[in-house]
Amino acid sequence: MSLLNKNKCGVVCEWMEKNRTIINPDGQVIPCCYFANILYAYDKFDVPSDNTITAQIGDKHQIVKDFKQESILMEYWNNKDKYNIHKNPLIDILNEDWFTKTLPESWDDSDRLTKQCRLNCMPGGRNDKK
C-alpha cells in the first residue's frame, strides 16, 4: 500500500505493516486494537451504568459523542455487517475500500484523522519508538 508509510500526518500503522488485524468473537474484522476498543465501547454504550463493563469503558455519553464525531469510525459502524467474518470472507473484507482507501487516506487529512491514529500511531504518540 503506497500510503502506508508516506502520508501527510506521519501515521505509521504497525498493524498494517505487519499484515495483522483483529477478529472479534462476534466476527467483526477490525484494523487494530485501538479501533477494537472504541468500537466495543460504542457497541456497549447502552449498558446500565451500574454494570462493570460501563465502569471499565468509561462515560458512555462521552464515548457516544466522541464516536459520532469521527467520520471514519461512523463509516465503519454504518457498514459493519460488510466487515463481519460471519457474513463475508476475510479476504473480501480486507479488500474493502474502508480498509484499503478510507482509513489510509484519512492519514493525509488531519481533519479526518481518527483520535486512535492521532494518539497512538503518529510521531509523538503513545507508540512513537523514537
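Contact here means heavy atoms within 4.5 Å. The model is a predicted one.

**Q116 and its surroundings**

Under that cut-off, and not counting residues up to four places away in sequence, Q116 touches Y34, F35, I38, L73 and C121. Q116 is placed in helix α8, which covers residues 115-120. Q116 is buried, at a relative accessible area of 10%. One of the residues it touches is L73; the C-alpha atoms of Q116 and L73 are 9.9 Å apart in space, and the two residues are 43 apart in sequence.

**The nonpolar core**

The largest nonpolar core has 28 residues, and among these V11, F35, W98, L103 and W107 touch the most other members. Two or more residues each come from α1 (14-17), β2 (29-30), α2 (33-43), α5 (71-78) and α7 (97-106). The largest contribution, five residues, is that of α2. F35, one of the core residues with the most contacts to other members, is also touched by Q116.

**E75**

Helix α5 contains E75. With a relative accessible area of 31%, E75 is partly exposed. Apart from its neighbours within four places in sequence, E75 is in contact with W98 and T102. The side chains of E75 and T102 are joined by a polar contact of 3.5 Å.

**Cysteines**

How many disulfides does the model have? The count is zero. C32 is in no disulfide, and its nearest cysteine sulfur, that of C33, is 5.5 Å away. A disulfide requires two cysteine sulfur atoms within 2.5 Å, so the 5.5 Å from the sulfur of C33 to that of C32 is too far for a bond. C32 is buried, with a relative accessible area of 4%, whereas C33 is partly exposed, with 26%.

**N19**

N19 is in the loop between α1 and β1 (22-23). Its phi is near 55°, a positive value in a residue other than glycine. N19 is exposed, with a relative accessible area of 74%.

**Accessibility of the residues discussed**

| Residue | Relative accessible area | Class |
|---|---|---|
| C32 | 4% | buried |
| Q116 | 10% | buried |
| C33 | 26% | partly exposed |
| E75 | 31% | partly exposed |
| N19 | 74% | exposed |

Definitions and conventions. Residues are numbered from 1 along each chain as its sequence is written. This is a predicted model: local features need pLDDT of at least 70, side-chain atom pairs count only at pLDDT 80 or more; totals for chains, interfaces and linings use all residues. Side-chain values use heavy atoms; hydrogens and water are left out. A nonpolar core is a set of buried Ala, Val, Leu, Ile, Met, Phe, Trp, Tyr and Cys residues joined through side-chain atoms within 4.5 Å. Buried means under 20% relative accessible area, exposed over 50%, partly exposed in between (1.4 Å probe, protein chains only). Helices (H or I, at least four residues) and strands (E, at least two) are DSSP runs, numbered from the N terminus. A polar contact is a pair of N or O atoms within 3.5 Å; within protein, one must be able to donate a hydrogen and the other to accept it, and residues adjacent in sequence count only if both atoms are side-chain atoms.
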